Amino acid sequence: MTDLSITYCRPCGYEKRAREAAALLRDRLGLDAELLPGKGGIFEVRLDGNVIAKRVKGHFPDAAEIVSAVTTARA
C-alpha cells in the first residue's frame, strides 16, 4: 500500500489545487491521496513519508507535475 498525502494551506486557499491534484492522481494512477489541511503557506505532496513535490517561492506545482513526480518516485 502506498501512503500518499497532500498537505495544503487552507487559509491561503490551496484546497482547490489539492483536490484537483488528488482527482488527477486517482484518475491517472488509481491512487487515493489523503488531503491534510494546514497553514503557513504549505503545499506538500508526500509519498511514503518523503516530500516529492512542494510549493516554493516562485513555483507552485500543478496537478500534472504532481502526477509526474509520483510516477517517478514510484519507479
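Me: Which residues does Val 70 touch, not counting residues up to four places away in sequence?

Reply: In this predicted model, Val 70 touches Leu 4, Leu 25, Leu 29, Leu 31, Val 45, Leu 47 and Ile 52, leaving out residues up to four places away in sequence. Val 70 itself has its place in helix α2.

Me: Why is Val 70 called buried?

Reply: Buried means under 20% relative accessible area. Val 70 has 0% relative accessibility, so it counts as buried.

Me: What makes residues 63-74 agree with the span of a helix?

Reply: Helix α2 has 12 residues, and at 1.5 Å a residue they should span 16 Å. The end C-alpha atoms of α2 are 17 Å apart, which agrees.

Me: Which residues of α2 are buried, and what covers them?

Reply: Ile 66, Val 67, Ala 69 and Val 70 are buried in α2. They cover an arc of only 160° around the axis, so they sit on the same side of α2. What covers the buried residues of α2 includes β1 (4-9), α1 (15-29), β3 (43-47) and β4 (50-54).

Me: What is found at the start of α2?

Reply: There, a side-chain oxygen of Asp 62 comes to within 3.3 Å of the backbone nitrogen of Ala 64.

Me: How do you know that the buried residues of α1 line one face of the helix?

Reply: The buried residues of α1 are Ala 18, Ala 21, Ala 22, Leu 24 and Leu 25. Seen down the axis of α1, they fall within an arc of 165°, so they line one face. On the other side of α1, Lys 16 and Asp 27 are exposed. The buried residues pack against β1, β2 (34-38), β3 and α2.

Me: How far does α1 reach, and what comes just after it?

Reply: α1 has 15 residues and reaches 21 Å from its first C-alpha to its last, close to the 21 Å expected at 1.5 Å a residue. Just after α1, Gly 30 has a positive phi of about 70°.

Me: Let's turn to the aromatic rings. How many aromatic pairs are there?

Reply: The count comes to three aromatic pairs. In one of them, Tyr 14 and Phe 43 have ring centres 6.3 Å apart and planes at 80°.

Me: Why is the pair of Tyr 14 and Phe 43 called edge-to-face?

Reply: Rings pair if their centres lie within 6.5 Å, and planes over 60 degrees apart count as edge-to-face. With centres 6.3 Å apart and planes at 80°, Tyr 14 and Phe 43 are therefore an edge-to-face pair. The pair links distant parts of the chain, with Tyr 14 in the loop between β1 and α1 and Phe 43 in strand β3, 29 residues apart.

Me: What makes Tyr 14 and Phe 43 count as buried?

Reply: The cut-off for buried is under 20% relative accessible area. Tyr 14 has 15% relative accessibility, so it counts as buried. Phe 43 has a relative accessible area of 2%, so Phe 43 is buried too.

Me: Which aromatic pair do Tyr 14 and Phe 60 form?

Reply: Tyr 14 and Phe 60 form an edge-to-face pair, 4.8 Å centre to centre and with 80° between the planes. This pair also links distant parts of the chain: Phe 60 lies in the loop between β4 and α2, 46 residues from Tyr 14. Tyr 14, Phe 43 and Phe 60 form one aromatic cluster. Arg 17 lies over the face of Phe 60, at 3.8 Å from the ring centre.

Me: Back to a strand, then. Are Ser 5 and Thr 7 buried or exposed?

Reply: Both residues are found in strand β1. Ser 5 has 9% relative accessibility, so it counts as buried. Thr 7, at 15% relative accessibility, counts as buried as well. Not counting residues up to four places away in sequence, Thr 7 touches Leu 36, Ile 42, Phe 43 and Glu 44.

Me: Why is Asp 48 called partly exposed?

Reply: Partly exposed is the range between buried, under 20%, and exposed, over 50%. Asp 48 has 47% relative accessibility, so it counts as partly exposed. Asp 48 is found in the loop between β3 and β4.

Me: What is the phi of Asp 48?

Reply: Asp 48 has a positive phi of about 50°, although it is not a glycine. Most residues other than glycine have a negative phi.

Conventions:
Residues are numbered from 1 along each chain as its sequence is written. Side-chain values use heavy atoms; hydrogens and water are left out. Helices (H or I, at least four residues) and strands (E, at least two) are DSSP runs, numbered from the N terminus. The expected span of a helix is 1.5 Å times one less than its number of residues. Buried means under 20% relative accessible area, exposed over 50%, partly exposed in between (1.4 Å probe, protein chains only). The arc is that of the directions from the helix axis to the C-beta atoms. Contact means heavy atoms within 4.5 Å. A polar contact is a pair of N or O atoms within 3.5 Å; within protein, one must be able to donate a hydrogen and the other to accept it, and residues adjacent in sequence count only if both atoms are side-chain atoms. Rings of Phe, Tyr and Trp (its six-membered ring) pair if their centres lie within 6.5 Å; planes under 30 degrees apart count as stacked, over 60 as edge-to-face and the rest as tilted. A charge sits over a ring if NZ of Lys or CZ of Arg is within 6 Å of the ring centre and within 35 degrees of the ring normal.
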